[in-house]
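Hi,

Here is the structure I promised to pass on. Have a look at it first, and then read my notes below.

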There are 2 protein chains.
Amino acid sequence: MDTLDISKLADLLKALGEVNRLSLVCTLCDCKTAQNATCLCSCCSVDASGVSRHLKILSQQGIVTVEKRGRERNYSLNRAYVATRLRELADRIESNLETS
Amino acid sequence: MDTLDISKLADLLKALGEVNRLSLVCTLCDCKTAQNATCLCSCCSVDASGVSRHLKILSQQGIVTVEKRGRERNYSLNRAYVATRLRELADRIESNLETS
DNA sequence: TTAATAGTTGCATAGTTGCGCAAATATACA
DNA sequence: TGTATATTTGCGCAACTATGCAACTATTAA
């Protein structure tokens, strides 16, 4: 894993590593359908502008996808992408090495 | 997953979500034996005091274990613990729901 | 004891982050 | 049109974070 990958992964983990953002992610986890920002407000303790900013960070990191629908934005979790990144790191951490 | 768990997991991810700390973790990944702080300095772009502080945060989060040995501290990665936390989240994210 | 080595801690600083509020933008609908 | 709803953005603020430096503690070894 080179420096660039580490930096990119760190950005992903940092995006997940904030309690309100992780709450948003966990809420989206439990939703079969995409949710709009107003609906997502209820799961974390910030106002709409804060939720908007958190969702922007999550989407910049590829954690959620936005779909514009009228005046709403519908957010859905990129389950496979996030799970894959987390499992890749888990696998790397648990890999048994022969050398060093 | 309740609020407390989310908060605790966010703390873990935040600890991993800093590029120098993640570099330390990845370096320890590739080491079969525990490494001391001076040795770990080379993998990230901060001085010894910075490394010391980052390692403290990692150990507070249970990511690494410290073993005092003379004037050295030897750090090793808690592979199973970290990998398990990451996989738990990955599993939750990918779980298919029947409702909602 | 003295000097060297390993690591930690206090301090100051620069930069980042999360937040609410208010204003702005965008869209829908009467 | 005008009004309501959904979301974003600018602003300022307070709190937090990462950093280097210098001083410190702890341990080893000459």
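Let's start with the surface near DNA strand C: its residues split into four nonpolar, nine polar and eight charged. Here Ala, Val, Leu, Ile, Met, Phe, Trp, Tyr, Cys and Pro count as nonpolar, Asp, Glu, Lys and Arg as charged, and the others, Gly among them, as polar. "Near" means that a C-beta atom, placed from the backbone, lies within 6 Å of the strand.

Before going on, note that this is a predicted model: local features need pLDDT of at least 70, side-chain atom pairs count only at pLDDT 80 or more, and totals for chains, interfaces and linings use all residues. Residues are numbered from 1 along each chain as its sequence is written, while chains are lettered from A and ligands numbered from 1 in the order in which they are written.

Of the 21 residues around DNA strand C, those that come nearest are Gly70(A), Asn36(B), Thr38(B), Ser49(B) and Ser52(B). Helix 4 of chain B gives the most to this surface, six residues. (Helices are DSSP runs of H or I, at least four residues, and strands are runs of E, at least two, numbered from the N terminus.)

Now the two protein chains. They touch through 31 residues from chain A and 31 residues from chain B, where contact means C-beta atoms, placed from the backbone, within 7 Å. Helix 5 of chain A brings the largest share of chain A's side, ten residues. That side divides into 19 nonpolar, four polar and eight charged residues.

Cheers

Definitions and conventions: Contact = placed C-beta atoms within 7 Å.
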